[in-house]
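Subject: Structure handover

Hello,

Here is the structure I promised to pass on. Please open it alongside this note.

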Amino acid sequence: MHNKYEQVKKDFLSGQIQGCKRYFEKHNYDIEAAYCNLVEDDLKKSQKLFHSKLDIDPRANWGLSLVQMILQDVKYEPTYFGIRNFLEIDLNILIKYYKGQYIESLIRYSDYMAYINPECYKLIGRGFWANNMLPAAMFFLRRAKDKFYNDPELHYLLAYIFYNENNIIDCKKSLITCLNINPEYYPAVKLGKKLIL
């Protein structure tokens with residue numbers, strides 16, 4: 001049973017929703033079913049399912065906040081840990097299911113979320129980076145630099161984008177900054193070898 005759950009969850013996260021909602025509903029996985037309803041545009045049902053689990057699952061509070069940000073009507077404030085644990089994953093889900101309008105609505109709340117958790121810009125940037133949406137990633141990673149300058153991963157991600165844009169000068173600057181913060185940050189060391197730093 002557990003292996004089947006893991007397979008269905010994996011299918012859903014990879015953008016293959018067929019059969020997922022039915023499975024989650026049948027086995028009372030309400031949070032997962034709420035996500036299925038979200039990507040199928042039944043936001044009312046999604047909200048209802050998240051709301052039903054508020055007292056027993058921390059992801060429900062985040063899920064409810066997420067739907068309300070999409071609807072531009074926030075009544076449940078996201079928590080620091082909700083943003084930290086779920087924002088990047090859920091941005092990835094929205095990208096996988098081509099929910100551009102939902103992403104736009106969510107992004108409108110980036111300053112609001114950054115007030116609660118300053119890592120928000122980096123998490124959004126990393127979500128776009130992981131989906132090869134590099135201009136959007138760059139926008140949010142640059143904003144993150146103002147909040148968390150001493151984060152080696154942030155400078156590495158910027159270096160990676162500059163490298164892919166063939167902007168070797170800025171790539172080297174970001175890599176050097178990353179390695180000054182953490183000389184053993186492996187992805188930066190590896191990229192540095194390609195550039196012969």
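Below is what was found, starting with the overall layout.

This is a predicted model: local features need pLDDT of at least 70, side-chain atom pairs count only at pLDDT 80 or more, and totals for chains, interfaces and linings use all residues. Residues are numbered from 1 along each chain as its sequence is written, and side-chain values use heavy atoms, with hydrogens and water left out.

**Overall**

The chain has 13 helices and zero strands. Helices (H or I, at least four residues) and strands (E, at least two) are DSSP runs, numbered from the N terminus. The C-alpha trace spans about 55 × 35 × 30 Å along its principal axes.

**Largest pocket**

A pocket here is an open set of points on a 1 Å grid over the protein atoms alone, where a 1.4 Å probe fits, with protein on both sides within 12 Å along at least five of seven lines. Lining residues have an atom within 4 Å of a point. The largest pocket has a volume of about 210 Å³; volume is the space filled by probe spheres set on the points, which are joined across faces, edges and corners.

Its lining is Y5, K9, F12, L13, F24, I31, E32, Y35, D57, R59, I89 and I93. Helix 1 (2–13), helix 3 (30–39) and helix 6 (80–96) each give two or more residues to this lining. Helix 1 gives the largest share, four residues. By class, the lining has eight nonpolar, no polar and four charged residues. Ala, Val, Leu, Ile, Met, Phe, Trp, Tyr, Cys and Pro count as nonpolar, Asp, Glu, Lys and Arg as charged, and the others, Gly among them, as polar.

**Packing on helix 13**

The axes of helix 11 (residues 152–164) and helix 13 (residues 186–195) come within 10 Å and cross at roughly 30°. Axes are lines fitted to C-alpha atoms, for helices over the stretch in contact, and angles run from 0 to 180 degrees between N-to-C directions. Helix 11 is therefore roughly parallel (under 35 degrees) to helix 13. Contact means heavy atoms within 4.5 Å. Y156, A159, Y160 and Y163 of helix 11 touch P187, A188, L191, K194 and L195 of helix 13. That contact has eight nonpolar, no polar and one charged residues.

Helix 12 (residues 168–181) packs against helix 13 at about 140°, with axes 10 Å apart. I168, C171, K172, L175, C178 and L179 of helix 12 meet A188, V189, L191, G192 and L195 of helix 13. This contact has nine nonpolar, one polar and one charged residues.

Best wishes

Note on methods
Parallel < 35°, antiparallel > 145°, perpendicular 65-115°, else oblique.
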